[in-house]
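User: I would like to learn how to read a structure like this one. Please take me through it step by step.

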Number of protein chains: 2
Amino acid sequence: MTEVARAAGVSVSTVSHVVNGTRLVAPKTRERVQHAMRILGYQHHPTARSLAAGSNQTIGLAITAASNPYWVELIQGIDGEATRAGLNLIIVDTRDDARHEAAAVANLIAHHIEGLVIAPAVGWRDVTLPLLRDHPIPYVVVDRIDPDLRVDQVGVENEAATAAVIDHLIALGHTRIGMLTGIRGLSTSSERLRGYHVAHQRAGVPVDVDLLVDGLSTSDGGRRAAWELLELREPPTAVFAANNNMTIGALAAFRAAGVKVPRDLAVAAFDNFAWADLFSPGLTTVAQPSAAIGARAVQLLLRRMNDPGAPPQAVRLPAEIMHRESCGCPTR
Amino acid sequence: MTEVARAAGVSVSTVSHVVNGTRLVAPKTRERVQHAMRILGYQHHPTARSLAAGSNQTIGLAITAASNPYWVELIQGIDGEATRAGLNLIIVDTRDDARHEAAAVANLIAHHIEGLVIAPAVGWRDVTLPLLRDHPIPYVVVDRIDPDLRVDQVGVENEAATAAVIDHLIALGHTRIGMLTGIRGLSTSSERLRGYHVAHQRAGVPVDVDLLVDGLSTSDGGRRAAWELLELREPPTAVFAANNNMTIGALAAFRAAGVKVPRDLAVAAFDNFAWADLFSPGLTTVAQPSAAIGARAVQLLLRRMNDPGAPPQAVRLPAEIMHRESCGCPTR
DNA sequence: TGGCTTTGCGCAAAGCCTTGCGCAACGCCA
DNA sequence: TGGCGTTGCGCAAGGCTTTGCGCAAAGCCA
């Protein structure tokens, strides 16, 4: 930088201002500086800038690196929006475990990130949240949002979307609808469960709690839970799986049991995925606007970074129902 | 740090050495320093360290952020190994496009990364490779490896794995085996194609080039290519899809055409995925050791960073064939 | 005890940029 | 032409560590 300044006949500070556009520089001078930079092949040094500016233009993302299209799209949304805002993004894997999550977040904090987007793991309130309280760093919660918490958060309309799907199943004549609920402690799980109840209530259909089985949000849990449903004295005529993984497990169970979908059993599920179209029959799913959720999270984070005192905002984005054949409708 | 030094009655440099373990410090002194750090709540500042050390302990990864389990596992492998080595990882999305890739890599270079892992896009030799030549930064290529290039690279045994699957199909009596080849210009594509030829050759089965159709490595391309095969005057009795996406497209096409797998047509594919088990029938696939590939790549990178003059090494990891029903075998 | 190797630590430069403060030149108006 | 507001730029401090070099104390052997 010094060399550039010398070559352009200006001071280092002027070069800095040209590089960053941080204050008016006479066009002629600016041109001289830029020319000098080109000639000398000047390379900006972000690390030094970070140190000098006391800011590294970096935000962190704490998320589970699961092989799930939903997460990938979410990450893409966050990354895209961060890039647009001129922010770098560092991603850490929480392994969907609160203790790992806390360690990962501590790591991010040590790197002096200026903001954090977090998709919390079960139990985060006890380990990670305190960490965030100690270090006054702006953050926003995505996906597993928690209405009780007065923080910025972005998620999907779990309740409404689930209720809409259940409505549909009820409209098709089902009165015994099984549900594979997600792991307890996740707000997404309880909200989707609530949607189930809401739909039943407004249709005047009583809920048989035997039809609600915990699939632990995993593929294996889904498989087991599906078997439980099939072995009920009075099995359901339709099943709703509250996430991706459980859907996979459940479908495997149905297939193993020789249960034909949708002839013997109607099926619908939360979380859309590319393969949903390919199963026989095509799977009726709830598609989350993952990328939009991610983008919105970054926007909220920016707002908070600029205005730490702003009132917390909880955003819900609508989901889209991908209507295919597994619910028993003649055609999509 | 100055304060800590004062409190402990040592110099700043000693504090630094205690923090980093970069040279012997008498146990008594070390204890004093650590105590002072605790009392004062000293927080290390990685950015300042990067500046001072002229190194930021960061490596970059340029990869397409596609929603594909293979990539996710690869990233996990790289990230895990990097963490183990005490390196930070910055990921950029190439969007699988050479020009974006070049920009992304330039960005990484601007961030003064010390090493790069790259899963190159088609056409990278013309735009990204020159960039890498200009800036003498250690790098290793993963996945799309290029035997002509004298650089460190890690990939799977595409040829052998493909040949093994084709062997199997031939052993089952198929002599007209269609193949959905990947996009031209990708080494993975040509290697898998070569595997196809090798298997035919050693079995003495002639190859009908009409059976080789370009699926462009995409889902849509796979769909179209599959249709082409079905519409052949003399259609194949078995089909091998050279990647994940094309498999999805092809299966959709077969289903739309009313072709039953494996009754009417045997199917096998490169790239394993969680859902492979759930299709009716289960899909016979080639599973890549993605995580291992990623880990190995980081190891090669470390070696090169430590010893820039070392001879380039090309590593091939074996694939595993996941034998399911779609190939027409009675049972797995 | 004298000379030599370890061991332990401090000094100060270096790394690269940002930014508050202040000064000078310039233009405009009365 | 004097006074005042802009515009344009430089000075120098500041941010936090790392590390080469050199010095002193301690340990060891003859």
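User: By class, which residues make up the surface near DNA strand C?

Analyst: Ala, Val, Leu, Ile, Met, Phe, Trp, Tyr, Cys and Pro count as nonpolar, Asp, Glu, Lys and Arg as charged, and the others, Gly among them, as polar. Here the surface has 15 nonpolar, 12 polar and 1 charged residues. This is a predicted model: local features need pLDDT of at least 70, side-chain atom pairs count only at pLDDT 80 or more, and totals for chains, interfaces and linings use all residues. Residues are numbered from 1 along each chain as its sequence is written, while chains are lettered from A and ligands numbered from 1 in the order in which they are written.

User: In what order do the 6 strands of the open sheet in chain B lie?

Analyst: Two strands pair if DSSP finds at least two bridges between them. The order is β7-β6-β8-β9-β10-β12, with mixed pairing. β7 (212–214) and β12 (320–322) of chain B are the edge strands, each pairing on one side only.

User: How many bridges join β10(B) to β12(B)?

Analyst: There are 3, and the two strands run antiparallel. Thr285(B) stands opposite Met322(B) in β12(B).

Definitions and conventions:
Helices (H or I, at least four residues) and strands (E, at least two) are DSSP runs, numbered from the N terminus.
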